[in-house]
Amino acid sequence: MVYVNGVSVIGPGLTDVTQARSILRGEQHWQHAALPALKPAMLPANERRRTTTLIKLALQAMQGLLRENDDLGAVSSIFASSDGDLEIVDKMCRALARQDKLVSPTVFHNSVHNAPAGYWSIAASLPGASTSISAADATFMVGLMEAMTKVLTDPGVVLYVAYDNPAPEPLFSKRPFAFPLAIALRLGTVAEPGVLGTLTLKGETDKPYTRCRNLSLEPLREGVPPGFGLPLVEALCRRARMEVDLPYLSGKSYAVTVSH
């Protein structure tokens, strides 16, 4: 059993914390609104200029989950993106298609899958362990399993974020993400003030994926891999007791029990 002591969701129509919580509790309908330019406060302006939308998306979701009294040496992080930074992949492919094949140092620097984790650890001064994961449409569940396993085997605070951003064409036609979205959770073995509930891993299942209780969120759930985590976040925000079945490997679902 793992405690969820904080949650953050950043996406179109979900940038205001109060409004996002209301939508996730089913008190308001979700409506698409263009995602504004992200400016994670933890990054200095010169660093923000070097980063991409995907990196800013992950950091924007994560930054509010740190607490002033955290022992930074004991905080670990798990970053999960289904396909990595497709904006950077596009730039590198275009550069390599040119005769001179020049890739800018900034693009090359941001091309590794753990670039968001690197920016995060430096900006937050976190010396703790960090893992970056990719598992296509199963990414949210695989990342959550990694984060919960980390909590249970090495007790401490684990910050988990799943995030993806639409690719430019022609990559978009091969991997069409409808929306940018990041979901971040603060996990631990101890209940903190404001705890939202607990999670328990149950195992693989052939059950269909759990849909959003707030049906207006279904386009977001289906439109981008991190969206598959929205029913779990809904259950936490509603203080519901339920089993959530999330996309897993080999076409299976994986069941997670939400309790309070």
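This is a short tour of a predicted model, stop by stop, with something to select each time.

Before you click, note that residues count from 1 along each chain as its sequence is written, and that side-chain values use heavy atoms, with hydrogens and water left out. Because the model is predicted, local features need pLDDT of at least 70 and side-chain atom pairs count only at pLDDT 80 or more, while totals for chains, interfaces and linings use all residues.

**Stop 1: helix H1**

Select residues 17–24, which make up helix H1. Helices here are DSSP runs (H or I, at least four residues), strands are too (E, at least two), and both are numbered from the N terminus. Colour Ala 20, Ser 22, Ile 23 and Leu 24: these are buried, meaning under 20% relative accessible area with a 1.4 Å probe, protein chains only (exposed is over 50%, partly exposed in between). Now show strand E1 (2–10) and helix H10 (230–237), which are among the parts covering those buried residues.

Next, look at the two ends. Asp 16 caps the N-terminal end of H1, with a side-chain oxygen 3.3 Å from the backbone nitrogen of Thr 18. Just after H1 you'll find Gly 26, with a positive phi of about 85 degrees.

**Stop 2**

Trp 30 sits in the loop between H1 and helix H2 (45–50), and Phe 179 in the loop between helix H8 (171–174) and strand E5 (181–188), 149 residues apart. Both Trp 30 and Phe 179 are buried.

**Stop 3: Phe 79 and Tyr 163**

Here's another edge-to-face pair: Phe 79 and Tyr 163, 6.2 Å centre to centre with 85 degrees between the planes. Phe 79 is in strand E2 (residues 75–80) and Tyr 163 in strand E4, so this pair ties together parts 84 residues apart in sequence.

Stay on Tyr 163, in strand E4 (residues 157–164). Is Tyr 163 buried or exposed? Buried, because its relative accessibility is 0%. Leaving out residues up to four places away in sequence, Tyr 163 touches (heavy atoms within 4.5 Å) residues including Leu 54, His 113, Leu 181 and Pro 226.

Definitions and conventions
Polar contact = N/O pair within 3.5 Å; in protein donor to acceptor, adjacent residues only side chain to side chain. Phe/Tyr/Trp six-rings, centres within 6.5 Å; stacked < 30°, edge-to-face > 60°.
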